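Open the model in your viewer and keep the selection tool at hand. The stops below say what to select and what is there.

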Amino acid sequence: MEKNIKTDGRLSATFERLKSRGDKALITFITAGDPDIKATADIALSLEKNGSDIIELGIPFSDPMADGPTIQASSERALKKGTHIPDCLNAVKEIRGKSEIPVVLFGYYNPILQYGLKRFARDAKKAGADGALVVDLPPEEAGELKNELSQCGIDLILLLTPTSNDERIRLVAKNASGFIYFVSVAGVTGARTRLSKDIRSHVKRIREFTDLPLGVGFGVSNAAQARELSGFSDAVIVGSALINVIAKSRSAKDAVKNAGAFVSSLKKGLTR
């Protein structure tokens, strides 16, 4: 098993605190700038108030290949509003001004590369971000970004999927920090009515290689699914179902309220 060096950041502290209570983390994904950038921090704070333990803040991108129609549409809406990396970082800064909830920046490599890896790491740290997850950056090519993030004390979150073999699991376990994101399906993001029966066995296999917390996402849409996954993972990650709630809201104010209510229902599913 890979013995990962534990950081002293908010992510590690959050997982340690929850573990000491016998609880699991609820990680919620929202897209920065959807429905608008002014509402982003308010939505994040509402999520925390209603039970979210960690926020994944999506950086809008024009070609989010790992995302299904729901999150693709949220990126399109945010981009039409002119939301880019500086706006996302300002949202993190606003969240950090009122909360200590861990924030993970979730995005694709091209915008970060164009922004500048060193600059991105430096500005993310200054804003108060705790982690970065770059969906289309494989661990074999992540060294430069990892180095820049590490120098700023920011965790690099890496992905594993049902098709990951032992070699890939070992590589991710060696290079990840904060937690490992297990993609529960061989496909794109999107709320699903049923979860794969093989998730438990995949998580068990990954645990043979790492002592990092394991979060499971892609497809979680309700409290019953959250409860099921919490039985064998360290964190349940919810994105598309939450984005749907925000998209269906009539106003930004309603989005803040409705998102909070939805997360409250999920949190009850995790409460034993």
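A residue is called buried when its relative accessible area is under 20%, and exposed when that value is over 50%. The model on screen is predicted.

Start with Asp 123. Asp 123 sits in helix α6. Its relative accessible area is 14%, so Asp 123 counts as buried. Now show its contacts: leaving out residues up to four places away in sequence, Asp 123 touches Leu 89 and Tyr 115.

Next, select the whole of helix α6, residues 117–127, together with helix α7, residues 143–151. The axes of α6 and α7 come within 9 Å and cross at roughly 30°. The crossing of these two helices is right-handed.

Zoom in on where α6 and α7 touch. On the α6 side, select Leu 117, Lys 118, Phe 120 and Ala 121. They meet Glu 144, Leu 145, Glu 148 and Leu 149 of α7. Sorted by kind, the residues of this contact are five nonpolar and three charged, with no polar ones.

Last, turn to the cysteines. A disulfide requires two cysteine sulfur atoms within 2.5 Å. How many disulfides does this rule give? The count is zero. Select Cys 88, which is in no disulfide; the nearest cysteine sulfur belongs to Cys 152, 18 Å away.

Key:
Residues numbered from 1 in each chain as written. Predicted model: local features only at pLDDT ≥ 70, side-chain atom pairs only at ≥ 80, totals over all residues. Heavy atoms only, no water. Axes fitted to C-alpha atoms, helices over the stretch in contact; angles between N-to-C directions. Helix = DSSP H or I, 4+ residues; strand = E, 2+ residues; numbered from the N terminus. Left-handed = near helix turned anticlockwise from the far one by under 90°. Contact = heavy atoms within 4.5 Å. Nonpolar A, V, L, I, M, F, W, Y, C, P; charged D, E, K, R; others polar. Buried < 20%, exposed > 50% of the residue type's maximum accessible area, 1.4 Å probe, protein only.
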